[in-house]
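I had a structure open today and kept a running notebook on it. These are my entries, in the order I looked things up.

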Amino acid sequence: MQKINPFLWFDNQAEEAANFYTSLFENSKIVDIARYGEAGHGEPGTVMTVSFELDGQRFVALNGGPEFQFTEAVSFLVNCETQEEVDELWEKLSEGGEKGPCGWLKDRYGLSWQVVPTALGELMSDPDPERSQRVVKAMLQMSKIEIEPLQRAYEGEEVPA
């Protein structure tokens, strides 16, 4: 059993969200669904919690009511190996949500995600501060992160805004 699990509070969309998320990531599944009984504030028989895995990482979603909302103070970072993976997850996760700067987005449930290529971290961690800062400057001009312009900036080529 995983010792630490992200626990996500939804109004009443826990099962819908878990099904959506598991449809996006390989090696993902719904593990368990617990329903409200006579105890608790939910209607008996309705979904209370959904345990699910995204690429092997365990999560729990709760239908806890409207008291709490997601904020950008917590987000999930998704490291992508290819531009195609960035493009696909960026479009699917942001559908019905909101696209933001620098690889950030909010999904249709208000949960924040950062969809970034692994190349970004590699390029930004170059020991040459001029190279790494050019990469940061290029990234700050982007909404969805694009690998090719990052690489051009790294090499010192002018990247259009």
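**Entry 1: salt bridges**

How many salt bridges does the count come to? I noted before starting that this is a predicted model. The count comes to eight salt bridges.

I looked up aspartate 87 and lysine 144, whose side chains meet in a salt bridge at 3.0 Å, N to O. Aspartate 87 sits in helix H2, while lysine 144 is in the loop between helix H4 (129–139) and helix H5 (147–155), so this pair ties together parts that are 57 residues apart in sequence. Aspartate 87 is partly exposed, with a relative accessible area of 25%. I also found that Asp87, Lys144 and Glu146 are linked in a network of salt bridges.

Next I checked a pair inside a helix. Lysine 92 and glutamate 88 meet through their side chains in a salt bridge, 2.8 Å from N to O. These two, lysine 92 and glutamate 88, are four residues apart in helix H2, which means about one helical turn separates them. I wrote down the general point beside it: an α-helix has 3.6 residues a turn, so residues three or four places apart point the same way. Lysine 92 is partly exposed at 35% relative accessible area, and glutamate 88 is partly exposed at 41%.

Then I went to helix H5. Arginine 152 and glutamate 148 make a salt bridge with their side chains, at 3.2 Å, N to O. Arginine 152 and glutamate 148 are also four residues apart in their helix, H5, with about one helical turn between them. Are the two partners buried, partly exposed or exposed? Arginine 152 is partly exposed, with a relative accessible area of 22%, whereas glutamate 148 counts as exposed at 52%.

**Entry 2: cysteines**

How many disulfides does a search of the whole structure find? I got zero disulfides. Cysteine 80 is in no disulfide, and the nearest cysteine sulfur, that of cysteine 102, is 16 Å away.

I checked burial for both. Cysteine 80 is buried, with a relative accessible area of 0%. Cysteine 102 counts as buried too, at 16% relative accessibility.

**Entry 3: overall layout**

I stepped back to the whole chain. The secondary structure comes to five helices and eight strands. From the N terminus on, I read the elements as β-α-β-β-β-β-α-β-β-β-α-α-α. The C-alpha atoms fill a box of roughly 65 × 30 × 25 Å along the principal axes. There are 161 residues, and buried ones make up 40% of them. For contacts with a separation of 6 or more, residues 24 or more positions apart account for 55%.

**Entry 4: helix H1 and what covers it**

Which residues of helix H1 (residues 14–24) are buried? I listed Ala14, Ala17, Ala18, Phe20, Tyr21, Thr22 and Leu24. The cover over these buried residues includes strand E1 (7–10), strand E2 (29–35), strand E3 (47–54), strand E4 (57–63), helix H2 (83–94) and strand E8 (112–117).

Leaving aside neighbours within four places in sequence, threonine 49 is in contact with Asp32, Ile33, Ala34, Val60, Ala61 and Leu62.

**Entry 5: the largest pocket**

Last, I went looking for open space. What is the volume of the largest pocket? I have it at about 370 Å³. It is lined by 15 residues, and the closest to its centre are Phe25, Asp55, Val78, Glu85 and Leu89. Which elements give two or more residues to the lining? They are E4, strand E5 (75–80) and H2. E5 gives the largest share of the lining, four residues.

The residues divide into nine nonpolar, two polar and four charged.

Notes
Residues are numbered from 1 along each chain as its sequence is written. This is a predicted model: local features need pLDDT of at least 70, side-chain atom pairs count only at pLDDT 80 or more; totals for chains, interfaces and linings use all residues. Side-chain values use heavy atoms; hydrogens and water are left out. A disulfide is a pair of cysteine sulfur atoms within 2.5 Å. Buried means under 20% relative accessible area, exposed over 50%, partly exposed in between (1.4 Å probe, protein chains only). Contact means heavy atoms within 4.5 Å. A salt bridge is a side-chain nitrogen of Lys or Arg within 4 Å of a carboxyl oxygen of Asp or Glu. On a 1 Å grid over the protein atoms alone, a cavity is a set of points where a 1.4 Å probe fits but cannot get out, and a pocket is an open set with protein on both sides within 12 Å along at least five of seven lines; lining residues have an atom within 4 Å of a point. Grid points are joined across faces, edges and corners, and a volume is the space filled by probe spheres set on the points. Ala, Val, Leu, Ile, Met, Phe, Trp, Tyr, Cys and Pro count as nonpolar, Asp, Glu, Lys and Arg as charged, and the others, Gly among them, as polar.
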